[in-house]
Amino acid sequence: RSENSVLGVRADDLVYQGFSLAFDMSFEEIWISYLVGATLWIAPKELATDPEALPKALIEHGITVFHAVPTLLALFAQDVPTLRLINLGGEACPESLAARWANDHRQLFNTYGPTEATVSASLAELRPGQPVTIGRPLPNYGLLVIDAAIENGLRLLPRGETGELCITGPGIAAGYLGRPELTSEKFLANPWAEGAQDARLYRTGDLARIAADGRVHCLGRTDDQVKIRGFRVELGEIEAALCHQPGVGTAAVVLRQDDGIERLVAYVVADGEMTATATGLRQALAETLPPYMVPVHLENLPEMPRLASGKIDRKVLRDRPLEIPSGLSAASDRPETPA
């Protein structure tokens with residue numbers, strides 16, 4: 001009910017249900033629909049993972065509400081005019097999706113919330129040309145950013161500063177079953193509580209900052225920070241820069257170790273027809289990123305490997321054999337001198 005006070009799913013909606021029950025976003029598909037009396041259209045398993053057949057099925061059955069991970073929506077080759085509402089979540093949403101799918105006849109939302117918050121904790125309506133954020137807290141939830149790197153407790157950060165995102169509210173889980181040490185690390189007494197409702201907080205492990213207007217910008221995982229050649233690198237920052245490039249629909253960056261060599265490798269899936277070469281993309285990244293953050297190798301994939309939840313399967317990417325020296329459009333960097 002909290003989430004739907006913003007989303008606005010109605011009794012006359014036909015809602016697509018394609019997530020596995022093992023993935024918490026299925027809660028949004030099922031229980032929001034149930035509570036307002038909407039109709040669920042349960043997708044066959046083979047259809048839920050077919051980005052070519054799925055949009056055609058949505059049109060054929062007149063689906064009006066679609067909950068999805070951004071990776072899946074980015075693979076749709078055609079518009080779905082029957083949809084009046086799309087709700088994205090589960091992973092970072094590229095701005096290209098807002099430009100393509102949000103319009104005067106359709107609302108596009110970006111939700112955020114780990115399973116430990118049961119489930120969504122914030123929501124933003126996305127519009128073309130505006131920054132993608134995770135919005136503001138839903139009713140019954142609170143978001144705050146802390147500096148967790150200090151020795152004596154936690155420090156609340158003011159708006160505009162980057163730190164670890166924490167969630168408060170009655171939907172916060174009691175902890176992890178049978179794992180008291182992890183529970184005590186992640187679920188803490190809230191020193192800034194105003195009452196029983198926000199007495200506890202959950203440390204998400206996500207980096208974020210709260211803008212002056214109260215909207216929250218999620219900046220990737222704290223554990224997505226890697227160290228290469230002495231430099232600390234946020235993989236999510238590189239992925240965001242890649243997704244800003246024309247023709248890039250989805251991007252994932254991993255730190256690989258092949259033959260004893262550590263390298264940043266980027267994988268991209270085109271949004272339509274991409275003409276950019278690997279060299280061109282690296283040059284574009286070099287205009288906004290320091291040299292150590294520019295991937296040394298880029299590969300174009302027909303589709304991004306995904307988990308059952310629809311999220312990107314980074315383990316598959318790390319284990320995938322590299323296509324050296326070929327890259328996007330068979331382009332590769334050429335040395336200027338023998339040295």
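Contact here means heavy atoms within 4.5 Å. By that cut-off, residues 24 or more positions apart account for 55% of the protein's contacts with a separation of 6 or more.

A quick note on what you're looking at: this is a predicted model, where local features need pLDDT of at least 70, side-chain atom pairs count only at pLDDT 80 or more, and totals for chains, interfaces and linings use all residues. Residues are numbered from 1 along each chain as its sequence is written, and side-chain values use heavy atoms, with hydrogens and water left out.

**The whole chain**

For 339 residues, a compact globule would have a radius of gyration near 20 Å, and the protein's 21 Å agrees with that. The radius is taken over C-alpha atoms, and the globule rule is 2.2 Å times the number of residues to the power 0.38. As for burial, 49% of the 339 residues count as buried, meaning under 20% relative accessible area (1.4 Å probe, protein chains only). The C-alpha trace spans about 65 × 60 × 40 Å along its principal axes.

**Glu 28**

Glu 28 sits in helix α2 (residues 25-36) and is buried, at a relative accessible area of 3%. Its side chain has polar contacts, that is, pairs of N or O atoms within 3.5 Å where, within protein, one must be able to donate a hydrogen and the other to accept it, and residues adjacent in sequence count only if both atoms are side-chain atoms.

| Side chain | Partner side chain and distance |
|---|---|
| Glu 28 | Asn 87, 3.2 Å |
| Glu 28 | Ser 120, 2.9 Å |

Leaving aside neighbours within four places in sequence, the residues in contact with Glu 28 also include Glu 3, Ser 33, His 67 and Thr 111.

**Ala 266 and its strand**

Ala 266 lies in strand β17 and counts as buried, with 0% relative accessibility. Beyond its neighbours within four places in sequence, Ala 266 is in contact with residues including Leu 242, Ala 252, His 297 and Glu 299. Its C-alpha is 8.2 Å from that of Val 296, 30 residues apart along the chain.

Strand β17 (residues 261-270) pairs with β18 (residues 297-300) in the parallel sense over four bridges; two strands pair if DSSP finds at least two bridges between them. The chain gets from β17 to β18 through helix α9 (residues 278-286), and this β-α-β crossover is right-handed: with the strands pointing away from the viewer, the path from the first strand over the helix to the second runs clockwise.

Notes: Helix = DSSP H or I, 4+ residues; strand = E, 2+ residues; numbered from the N terminus. Buried < 20%, exposed > 50% of the residue type's maximum accessible area, 1.4 Å probe, protein only.
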